[in-house]
Amino acid sequence: MVEDESRLASALRRGLAAEGFAVDVADSGPAGLDAARHGGYDAMILDVMLPGLSGYEVVRRLRAEEHWLPVLMLSAKDGEYDQADGLDCGADDYLTKPFSYVVLLARLRALLRRGAPERPTVLVAGDLTLDPARRRVTRADAEVALTAREYALLDYLIRRAGQVVSKTELLDHVWDAGMETAPNAVEVYVGYLRRKIGRERLETVRGAGYRLAT
Ligand code: CA
């Protein structure tokens with residue numbers, strides 16, 4: 001449970017413990033994220049308004065890192081966020097504060113019954129697919145052979161398909177820090193990648209960077 005209101009957290013913890021759940025409490029976004037990454041939990045009850053990182057950001061980062069533990073989000077009524085935001089960022093269910101403890105328990109049980117499904121891990125942008133588990137890329141169902149660097153570049157771009165990604169961002173994420181990098185390395189590899197995935201798939205946004213078509 002990630003909840004910074006200590007009275008609510010301890011009341012919930014006591015109630016859940018009485019039902020036989022083992023509960024750990026984290027009182028900030030970063031602490032909750034860290035626990036979820038390393039804790040081997042069956043489910044997470046996650047408040048939205050938290051110090052450090054919002055609940056939305058916590059669940060978004062977990063999903064981006066392919067952690068699929070079921071998440072039940074809690075939010076204050078009439079807050080600036082709504083249910084759709086919570087579900088869009090990867091939560092599995094949502095409760096608005098104040099909520100009934102009985103309803104919380106029922107939702108939590110339902111989430112635990114469903115468990116963490118194996119989510120589709122194949123990334124898709126248009127007719128391109130990238131399967132991180134198999135390090136395999138296809139274009140219109142035909143396999144595309146990429147070098148390690150081209151693969152890393154596409155992996156980064158496909159996770160942000162439709163968004164503009166700057167050269168600096170690509171250098172930071174695709175090239176290791178401290179590696180000798182030619183000033184035009186990004187352009188060169190974008191060129192290689194375009195030859196393999198189709199020039200029109202990877203657009204240059206003048207003065208801003210590149211955008212992989214969705
Ligand atoms: Ca809070």
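# Salt bridges and strands

Visitor: Arg201 first: buried or exposed?
Guide: Arg201 counts as buried, with a relative accessibility of 11%. Buried means under 20% relative accessible area and exposed means over 50%, with partly exposed in between (1.4 Å probe, protein chains only).

Visitor: What sort of model is this?
Guide: This is a predicted model, in which local features need pLDDT of at least 70 and side-chain atom pairs count only at pLDDT 80 or more, while totals for chains, interfaces and linings use all residues. Residues are numbered from 1 along each chain as its sequence is written, and side-chain values use heavy atoms, with hydrogens and water left out.

Visitor: Which residue forms a salt bridge with Arg201?
Guide: Asp127 does, with the closest N and O atoms 3.6 Å apart. The pair links distant parts of the chain, 74 residues apart: Asp127 is in the loop between β4 (123-125) and β5 (128-131), and Arg201 is in the loop between α8 (185-197) and β9. Asp127 is partly exposed, with a relative accessible area of 34%. A salt bridge here is a side-chain nitrogen of Lys or Arg within 4 Å of a carboxyl oxygen of Asp or Glu. Helices (H or I, at least four residues) and strands (E, at least two) are DSSP runs, numbered from the N terminus.

Visitor: How many salt bridges are there in the whole structure?
Guide: A search finds 18. One of them joins Arg109 to Glu19, the closest N and O atoms being 3.1 Å apart. That pair also links distant parts of the chain, with Arg109 in helix α5 (residues 101-114) and Glu19 in the loop between α1 (6-18) and α2 (29-38), 90 residues apart. Arg109 is partly exposed at 37% relative accessible area, and Glu19 is partly exposed at 38%.

Visitor: And where do Arg61 and Glu57 lie?
Guide: They lie in helix α3 (residues 55-64), four residues apart, about one turn of the helix. Arg61 is partly exposed, at 32% relative accessibility.

Visitor: Changing topic. In what order do the four strands of the open sheet come?
Guide: The order is β4-β5-β6-β7, with antiparallel pairing. Two strands pair if DSSP finds at least two bridges between them. The edge strands, β4 and β7 (142-144), each pair on one side only. From one strand to the next the twist averages 25 degrees. Axes are lines fitted to C-alpha atoms, for helices over the stretch in contact, and angles run from 0 to 180 degrees between N-to-C directions.

Visitor: What packs on the sheet?
Guide: Helix α6 (residues 148-158) does, touching β4, β5 and β6, and its direction makes about 110 degrees with that of β5. Contact means heavy atoms within 4.5 Å.

Visitor: How many bridges join β6 to β7?
Guide: Three bridges join strand β6 (residues 136-139) to β7, and the two run antiparallel. Val137 stands opposite Val144 in β7.

Visitor: What about β9 and β10, what do they form?
Guide: A hairpin, with three residues between the strands; Gly207 in the turn has a positive phi of about 75 degrees. Strand β9 (residues 202-205) pairs with β10 in the antiparallel sense over four bridges. Leu202 has Leu212 in β10 as its bridge partner.

Visitor: Over how many bridges do β8 and β10 pair?
Guide: Over two, in the antiparallel sense, between β8 (residues 164-165) and β10 (residues 209-212). The bridge partner of Val164 in β10 is Arg211.
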